[in-house]
Amino acid sequence: MFIRLSLAATLLLLANLAVAADVTPPTDDAARANALSQQLGERLKVALQAAIKQGGPMAAITVCRDEAGPIAADVSRESGWTVGRTALRVRNPANAPDAWERQILEGFAMAAEDGANVAGLSFQETTGSGEAQRWRYMKAIPTGPMCTACHGSNIDPALEEAIRASYPEDQATGFAPGSLRGAFTMSHPTL
Ligand code: HEC
């Protein structure tokens with residue numbers, strides 16, 4: 001509990017500092033991680049928007065299902081880092097957080113509850129030791145207006161049925177605009 005609280009407090013402090021005056025200069029890794037998060041987010045959004053324009057949200061489910069993974073894999077291959085998305089409540093069980101990610105996500109959720117701007121939340125840490133040592137980074141993903149069609153609380157029944165068909169264990173609904181949907185997560189070995 002203490003760790004969770006202090007993590008949330010640190011995140012909130014960092015978010016506030018970043019807003020108040022750019023006093024938290026990012027390390028090179030953090031700057032690159034932030035850029036990669038933006039790149040992955042943009043590529044997913046472009047694919048999503050194109051699919052919605054072409055065939056509506058129904059067609060876009062297939063794009064999220066079949067292209068989100070490969071797009072993240074492309075960004076991983078191009079960058080040499082391991083890049084993906086996770087959340088406390090996931091649609092695809094394959095995106096479920098590991099213990100470290102869950103702890104950071106819980107910290108993000110507490111910071112958001114305390115009023116931090118979700119888009120400003122990120123966290124970095126070097127974990128493990130020896131050959132297993134990795135630099136890890138997470139950046140919170142806010143629920144945007146276009147996300148609620150498939151992740152909100154008022155999902156079209158036909159759409160909901162189609163989502164259930166591919167994701168019988170879906171937990172990723174009920175998100176309000178601006179709330180914490182999940183996070184980009186990435187890492188690389190330090191050796
Ligand atoms: C057309 C429906 C649709 C829309 C719109 C949509 N998503 Fe998703 N989202 C999905 C599907 C389907 C998955 C599961 C993808 C997979 O299998 O990896 C998913 C997965 C995710 C995940 C990975 C964690 C998880 O729950 O499995 C995140 C994070 C996410 N979406 C965020 C967003 C955000 C942010 C937006 C708005 C910019 C958005 N989504 C819009 C359908 C949608």
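**View 1. Helix H2 and the shell around the ligand.** H2 gives the most to the shell around the ligand, with five residues. This is a predicted model, where local features need pLDDT of at least 70, side-chain atom pairs count only at pLDDT 80 or more, and totals for chains, interfaces and linings use all residues. Residue numbers start from 1 along each chain as its sequence is written, and side-chain values use heavy atoms, leaving out hydrogens and water. In all, 20 residues surround the ligand, and Arg91, Cys147, Cys150, His151 and Tyr167 are the closest; to be near, a residue needs a heavy atom within 4 Å of the molecule. Sorted by class, the shell holds 13 nonpolar, three polar and four charged residues. Here Ala, Val, Leu, Ile, Met, Phe, Trp, Tyr, Cys and Pro count as nonpolar, Asp, Glu, Lys and Arg as charged, and the others, Gly among them, as polar.

**View 2. The iron atom and His151.** Look for NE2 of His151: this is the single protein donor to the ligand's iron atom, 2.1 Å away. Donors are N, O and S atoms within 2.8 Å of the metal (3.2 Å for Na, K and Ca), and sites may look incomplete, as water is not among the atoms. His151 belongs to helix H4, residues 148-151. Helices (H or I, at least four residues) and strands (E, at least two) are DSSP runs, numbered from the N terminus.

**View 3. Side chains reaching the ligand.** Asn92 has a polar side-chain atom 2.8 Å from an oxygen atom of the ligand. Arg181 also places a polar side-chain atom 2.8 Å from a ligand oxygen. With Arg85, a side-chain N or O atom is 3.4 Å from a nitrogen atom of the ligand.

View 4. Strand S2 (residues 122-127) and S3 run antiparallel, joined by six bridges; two strands pair if DSSP finds at least two bridges between them. Across the pair, Phe123 stands opposite Met138 in S3. Six residues lie between the strands of this hairpin, where Gly128 takes a positive phi near 70°.

Definitions and conventions: A polar contact is a pair of N or O atoms within 3.5 Å; within protein, one must be able to donate a hydrogen and the other to accept it, and residues adjacent in sequence count only if both atoms are side-chain atoms.
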